[in-house]
Amino acid sequence: MPALACVDAAVPPPGYGFAWGGALPAPGAFPGGAPTTAGGATSDWTSPWSTDHSAALYRINGWGAPYFCVNAAGDIAVRPHGTATLPHQEIDLMKVVKKASDPKSAGGLGLRLPLLVRLPDVLKHRLQSLHAAFDFAIRSNGYGSRYQGVYPVKCNQDRYIVEDIVEFGSPFGFGLEAGSKAELLLAMNCLTRARPEAFLICNGYKDEEYIALALVARSMDLNTVIVLEQEEELDTVVETSHRLGVRPVIGLRAKLRTKHSGHFGSTSGEKGKFGLTTTQILSVAQKLQRLEMLDCLQLLHFHIGSQIPSTTLLADGVGEAAQIYCELARLGAAMRVIDIGGGLGIDYDGSHSCGSDMSVGYGLEEYAGAVVRAVMSACDRKHVRHPIICSESGRALVSHHSVLIFEAVSSSTTKAEPLPSIGSNLAYFLDELADDARSDYHNLMAAALDGEYETSALYADQLKRRCIDHFKDGVLGLEHLAAVDGLCDLVSKELGVADPVKTYHVNLSLFTSMPDFWAIGQLFPIVPIHRLDQRPAVKGILSDLTCDSDGKIDRFIGAQSSLPLHELGGGDGLGGGYYLGMFLGGAYQEALGGLHNLFGGPSVVRVSQADGSHCFAVTLAVPGPSCADVLRAMQHEPEVMFEALKHRAAECAAGDAVPGALALAFHSMPYLVCAATAAGVSASDGEGMDGMSSDSDGCAGCGEEEDEEWEFMRCLHV
């Protein structure tokens, strides 16, 4: 321990001025061991770093295929058409960030980060791939019907996503599933542009208004099916249908015995939240027969659970449900559709395994094949006509098409740092310790010089805890405690037990943009979207902007407690910014995100593949919610607040610039204006505007007359 050998030779200082000049050695590229590939084997990282090393390190070829890769520039690129994407069609995400964040005067969009990039080409390819997988399974097995899916809008109710799915799915009769009255209205409107046979599946708890609305949809020639979640809903359906004169099409949700373990399996099985037991199913069928409405019963629905891990479990559940379907057909119901619900999983960690909630051990083709064979087997045994197979695959459809991009604004570490004023004066302060603490200190030095590392670590911990107690009692001064902390950190560093992990502070709200990480421990792939041709030299965790200790990401795919990152300040082309992307988050995160600390959602761009130098076109750009927007969402009145604050500023003679500063604050996004984008934002702020333009356009004339200020606030309300 050469760094410790000189401590006892320190010279007492004339006062409390420190002068320690001994800098600690820099950590290695990957403290704690070499990184591993997706398969768990240690790779040869001693050779010159390449983009292939980064792809293996971050498992991009596992979770990202076939849509994401690392290009020759070291950036994450999008393959919008999957494996059919040509090299000139790849979309560089760093170019998208530059286009979005550059000022309008420089040809950009003037948006602030965080930024949500939506990729409709990927969404289209996912839908086509799902249908192609079922089509192949149907043809190869000689199945006697077809596949006709629906999208559960709860996964992401964004208007453009739902409209895209209806448009892209039109050739296949793809429909929508709703679980509330608001979602039903949304689905009804979108399906007016779909093919007539597209299903409108009505799930969820229902009252008379919900059922009446569903029957109105049926009267509008929408292919609406009311799925009974509870037995008592049948009475409301019958009464309402008689009152409106609309004959319903009814489905049943069966509560299966099959379930899978893990978090997502808790929604299935006999104790699941929704569904009818076998006794209740028989009761409903018998009641419909008495009412001469058994022909209305046409669909069986079930849900094994989200993120089904294996095709073995899938086939078991589908086989059980198919038997119920056949029995209902035997009882005289006009059965024609089996709705297998959701559960088609995605590979979040790239392991292609069925041992956790973060991955699945199959692809689209295996999934479709297992479903088709299980249904076909049950129906053939009972001599029942093969039904239309419907699925409600939301997560698998929309997860890949959305990328959340955010910036790291600073970093901090707990590792031992050179103390600018201790150095040769360290021993002076240590000798002023109380007897018991000084004894610990001398024992520590003796063990360190003898090379007894484990004993040294014990004495260092004991010394630190004892001195903290003395500091709390007022026995030690701040300088003494700093000297002890510096010594103990140095010991930890020399022993190799110091925590080398840096905390990267990111311009993001975890609770708004990644609520599933905080709520259920869902892991998403998080990767730097550039500099992937450089070796990452830091192990880091991510801390968000919120004033909440839970606002950090310290668990990553591959069972890792840190993420390999690059040092800040070595950016390329965006003012030194360091940009990371969260992938596979297109399902649920936007719908579930809240307004913790009043951080709103990100800015959004819709990016499609196009011919041209950048290979893409931004077809939609929406600035993130301003401070006024998020305040209004919580029932505050920004216009009234602005007037009250302006009046208070006048009373306090705070200056003529205050009203403009207040207006700008209301107009801005709650997120930080980082150094990398500040120039772009400032440039945009100087442009002419009309109060209705985007957040990053700024507030021209904010310090001018009161009428203009008020008009500005009035436009915010509009």
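Strand E14 (residues 502–506) runs antiparallel to strand E13, and five bridges join the two. Within this pairing, Ser-411 stands opposite Tyr-504 in E14. The model is predicted.

E13 spans residues 402–413. Strand E4 (residues 115–118) also pairs with E13, antiparallel, through four bridges. Here Leu-116 faces Leu-404 of E13 as its opposite residue. Strand E19 (residues 578–582) is another antiparallel partner of E13, with five bridges. In that pairing, Glu-407 has Tyr-579 of E19 as its bridge partner.

| Partner of E13 | Residues | Sense | Bridges |
|---|---|---|---|
| E4 | residues 115–118 | antiparallel | four bridges |
| E14 | residues 502–506 | antiparallel | five bridges |
| E19 | residues 578–582 | antiparallel | five bridges |

Now the helices. Two packed helices are described by the angle between their axes and the distance between the axes. Helix H11 covers residues 311–330 and helix H12 covers residues 364–382. Their axes come within 8 Å and cross at roughly 35°. The crossing of H11 past H12 is right-handed.

Which residues of H11 meet H12? They are Thr-311, Leu-314, Ala-315, Val-318, Gly-319, Ala-322, Gln-323, Cys-326 and Glu-327. On the H12 side, the contact takes in Glu-366, Tyr-367, Ala-370, Val-371, Ala-374, Val-375, Ala-378, Cys-379, Arg-381 and Lys-382. By class, twelve residues in the H11–H12 contact are nonpolar, three are polar and four are charged.

Definitions and conventions
Residues are numbered from 1 along each chain as its sequence is written. This is a predicted model: local features need pLDDT of at least 70, side-chain atom pairs count only at pLDDT 80 or more; totals for chains, interfaces and linings use all residues. Side-chain values use heavy atoms; hydrogens and water are left out. Axes are lines fitted to C-alpha atoms, for helices over the stretch in contact, and angles run from 0 to 180 degrees between N-to-C directions. A crossing is left-handed if the near helix is turned anticlockwise from the far one by less than a right angle, and right-handed if clockwise. Contact means heavy atoms within 4.5 Å. Ala, Val, Leu, Ile, Met, Phe, Trp, Tyr, Cys and Pro count as nonpolar, Asp, Glu, Lys and Arg as charged, and the others, Gly among them, as polar. Two strands pair if DSSP finds at least two bridges between them.
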